[in-house]
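Open the structure in your viewer and show it as a cartoon.

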Amino acid sequence: MIIKKIHKNILILGLGLSGFSLAKILKNKVDNLFCWDDSLSIRKKIVESGLQIKPIEKLDFKKLDYLVLSPVINHNSKKPHLAIIEAKKKKVKITTDIEFLKILKVKNKLIGVTGTNGKSTTTKFIEKALSSYKNKVFACGNIGVPFGDIINKVSTKDYLVVETSSFQLDKIIDLKFDVSILLNLSKDHIDWHKNVNSYQKAKLKIFKNQSKNCFSIICIDDKNCKRIAKKFSNNFKSKLIIISTKEKLENGIYLTSNETSINITNTLNQSSIKINRKKLGFTQAEHNFQNLLATYACFFIFKRSNESFKKAVNKLRNLEHRMEFVNKFKNISIYNDSKATNINSSNNALKTLKNIYWILGGRKKKEGIEDVGKGLKNVRNAYTFGESKKEYKNFLREKNINSKEYSTLKRAVYMAIKEGLTEKKEINLLFSPASSSFDQFKNFEHRGKTFKGLIDKILKNE
């Protein structure tokens with residue numbers, strides 16, 4: 001795609017993955033592009049790339065059009081960055097990289113995906129399933145692929161499916177999605193957003209710029225999304241499609257299942273699809289069925305046939321670190337769910353498996369694990385580690401779960417396997433931390449790879 005020059009003056013603050021990608025796209029495409037990062041090593045990288053470094057103190061904010069922030073920089077913090085203070089004083093627009101899909105006048109169909117859990121899987125499901133010989137689909141955004149990395153590969157007839165976090169959505173200005181998807185809403189990132197209400201308001205910005213010709217998809221399986229859907233027409237202009245894995249809907253799309261098949265019923269066009277469960281290549285759980293329904297709803301919106309959807313389902317797989325089956329050793333089936341950085345995500349895994357040896361812990365989020373659901377009854381033993389080890393162990397013991405604490409993930413994994421092998425029945429060893437990774441790991445990917453590496457070493461030595 002050819003990016004035309006825009007007459008704007010822009011400062012990018014925070015040149016991580018998305019900021020650096022955007023800077024490379026905007027270089028020579030705007031009147032003035034300035035870059036800054038508080039990290040000296042990143043500033044060296046910026047200079048080596050031929051981009052212009054400009055200290056915040058030396059910038060004339062009166063001449064800036066946009067301050068582009070790394071998604072994780074909080075523009076409403078009590079102690080904001082100097083660049084944010086100056087931008088607000090001079091009424092500079094503060095945004096994030098995905099807003100440039102609008103600013104650069106990208107003409108592709110845009111599908112936005114958000115929710116507390118399941119965003120990445122749904123984004124990849126849509127990318128895999130909806131791609132065809134006529135229209136390719138490219139996943140980008142919070143999934144780890146900035147749109148700047150793919151924009152030169154895309155033709156105008158292709159679709160972009162954009163995973164959007166609350167951090168990004170909270171900063172959008174005019175960005176409009178042709179299709180917006182809200183999967184679920186529960187407590188998360190409360191330390192960043194200050195309260196649940198602010199977090200939910202940020203998520204709902206995915207709908208705010210849509211017109212009556214746009215579509216919105218909301219899964220009403222949780223009470224928050226059901227409430228939003230009921231009042232949707234009072235607040236937004238787009239056409240709403242509701243989906244559910246729990247309710248039979250008279251005016252929507254729902255999924256039911258039995259031992260041999262899953263059935264998708266679309267009451268909007270009076271059609272249904274029956275899919276053999278043996279043909280599904282992803283973990284068959286409620287949260288993945290939500291992801292599948294959202295994907296089907298996109299097929300319906302873009303007028304693809306039910307038969308083409310059935311064929312596309314065969315391509316769909318779990319993403320790494322999301323209820324990922326790792327290995328089976330004797331009586332123990334091992335799952336890596338490192339992406340479960342909050343208790344609501346872990347609840348999905350706990351509901352899916354039986355006879356669980358649960359490994360959890362890390363840096364506690366504000367909401368902790370107090371909202372653990374009915375899936376706790378499936379847990380036989382728990383092994384806690386990291387900063388939250390003692391608190392989580394004590395909480396689970398109060399719930400009558402046999403729990404032990406360990407300082408490291410390595411020790412917790414070793415003991416879980418050792419004790420699991422003494423069982424006479426089949427055991428599911430589930431690594432689903434329900435916490436952030438930052439006490440001992442760089443991110444959830446690093447944590448998940450470490451877990452799988454430990455499993456490999458232990459099994460080779462057995």
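In what order do the nine strands of the open sheet run? This is a predicted model. Show the strands and read across: β6-β7-β5-β8-β9-β10-β11-β12-β13, with mixed pairing. Now pick out the edges. They are β6 (137–141) and β13 (271–276), and each of them pairs on one side only. Turn the view to see the twist, which averages 15° from one strand to the next.

**Stop 1: a parallel pair.** Select residues 109–114, strand β5, and residues 179–182, strand β8. The two strands run parallel, joined by four bridges. For one of these positions, click I111: its bridge partner in β8 is V179.

**Stop 2: a helix on the sheet.** Select residues 223–230. This is helix α10, which packs on the sheet and touches β8, β9 (215–219) and β10 (239–244). Its direction makes about 145° with that of β9.

Stop 3: Select residues 286–301, helix α12. Helix α12 lies across β5, β8, β9, β10, β11 (253–257), β12 (261–266) and β13. Against β11, α12 runs at about 135°.

**Stop 4: the helix pair.** The crossing is right-handed. Now show side chains. From α12, take L292, T295, Y296 and F299; they meet N306, S308, F309, A312 and V313 of α13. Colour this contact by class: six residues are nonpolar, three are polar and none is charged.

Note on methods: Residues numbered from 1 in each chain as written. Predicted model: local features only at pLDDT ≥ 70, side-chain atom pairs only at ≥ 80, totals over all residues. Heavy atoms only, no water. Axes fitted to C-alpha atoms, helices over the stretch in contact; angles between N-to-C directions. Left-handed = near helix turned anticlockwise from the far one by under 90°. Contact = heavy atoms within 4.5 Å. Nonpolar A, V, L, I, M, F, W, Y, C, P; charged D, E, K, R; others polar. Pairing = 2+ DSSP bridges.
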